[in-house]
Amino acid sequence: LMNNMNSGYQRELTFLHPDGSFSAFGTYDASGSTWLTAFVIQVFSEAGNAGFLAVDGTVISEAATWLKDTVMSESGRFPEVGRVCHREMQGGSASGVTLTAFVLRALSTMAQDVFDSLALETPLATSINYIETQIGDVSSELDPYVLGLTCNGIISYHERIGGSSAADIAAAVSDYVDRLKELQEADPMDTQCPDAFWAHYNPA
């Protein structure tokens, strides 16, 4: 298993662009992909943090720098740059507020020293503000995936920056959690767990 993981890690590096981004066909593509670069950051970071792989921190750092300096807008939004061949992999995170929440989550998984060296606390706080503004009064129309990913991103961010109590973090996501509870649906065939799932009815 470890050999396979290391082989996959080395293969993924062949899709690296000189600017630190990643894309499906590497330098054959005109540019890196926002979504794929964030995905690689998250997977590499989680594997490295867990001790499964000896991940080069420079690769993660340069990928994150590309997202922050090249892709991120002044509003905190992360638009999709580049292309993704297998868009089904993105679920509902292909664009808009959901992609920004996805990138927020990915950047917040990085090792603490890498996160701190890139001074991401303030830029990502801007991204959270963008997400909250976009969700705003239209939360009733949002897909549960958007709300869940937003919760995940905000929680990961607060855990990474430190200084927030569990109560503070809970308060930061309470509105989204309440909305998720409202959207939870019952499976009439399951008498043991009547509130069992969320429907992905409005992909972002």
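The model is predicted, so local features need pLDDT of at least 70 and side-chain atom pairs count only at pLDDT 80 or more, while totals for chains, interfaces and linings use all residues. Residues are numbered from 1 along each chain as its sequence is written, and side-chain values use heavy atoms, with hydrogens and water left out.

**Exercise 1.** State how many helices and strands the protein chain has, and in what order they run.

*Solution.* Step 1: helices (H or I, at least four residues) and strands (E, at least two) are DSSP runs, numbered from the N terminus. Step 2: the protein chain has 8 helices and 2 strands. Step 3: read from the N terminus, the order is α-α-α-α-α-α-α-α-β-β.

**Exercise 2.** Describe the salt bridge of Arg105 and decide whether Arg105 is buried or exposed.

*Solution.* Step 1: a salt bridge is a side-chain nitrogen of Lys or Arg within 4 Å of a carboxyl oxygen of Asp or Glu. Step 2: the partner of Arg105 is Glu46, and their closest N and O atoms are 3.3 Å apart. Step 3: Arg105 belongs to helix H4 (residues 96–107) and Glu46 to helix H2 (residues 34–49), so the pair links distant parts of the chain, 59 residues apart. Step 4: buried means under 20% relative accessible area, exposed over 50%, and partly exposed in between (1.4 Å probe, protein chains only). Step 5: Arg105 is therefore buried, at 16% relative accessibility, whereas Glu46, at 34%, is partly exposed.

**Exercise 3.** Determine how H4 and H6 are oriented and which kinds of residue form their contact.

*Solution.* Step 1: the axes (lines fitted to C-alpha atoms over the stretch in contact, with angles from 0 to 180 degrees between N-to-C directions) of H4 and helix H6 (residues 121–135) come within 10 Å and cross at roughly 150°. Step 2: H4 is therefore roughly antiparallel to H6, a term for angles over 145 degrees. Step 3: contact means heavy atoms within 4.5 Å; among the residues that meet are Val97 and Leu104 in H4 and Leu124 and Ile131 in H6. Step 4: the contact residues divide into 9 nonpolar, 4 polar and no charged, where Ala, Val, Leu, Ile, Met, Phe, Trp, Tyr, Cys and Pro count as nonpolar, Asp, Glu, Lys and Arg as charged, and the others, Gly among them, as polar.

Notes. Angles under 35 degrees count as roughly parallel, over 145 as roughly antiparallel, 65 to 115 as roughly perpendicular and the rest as oblique.
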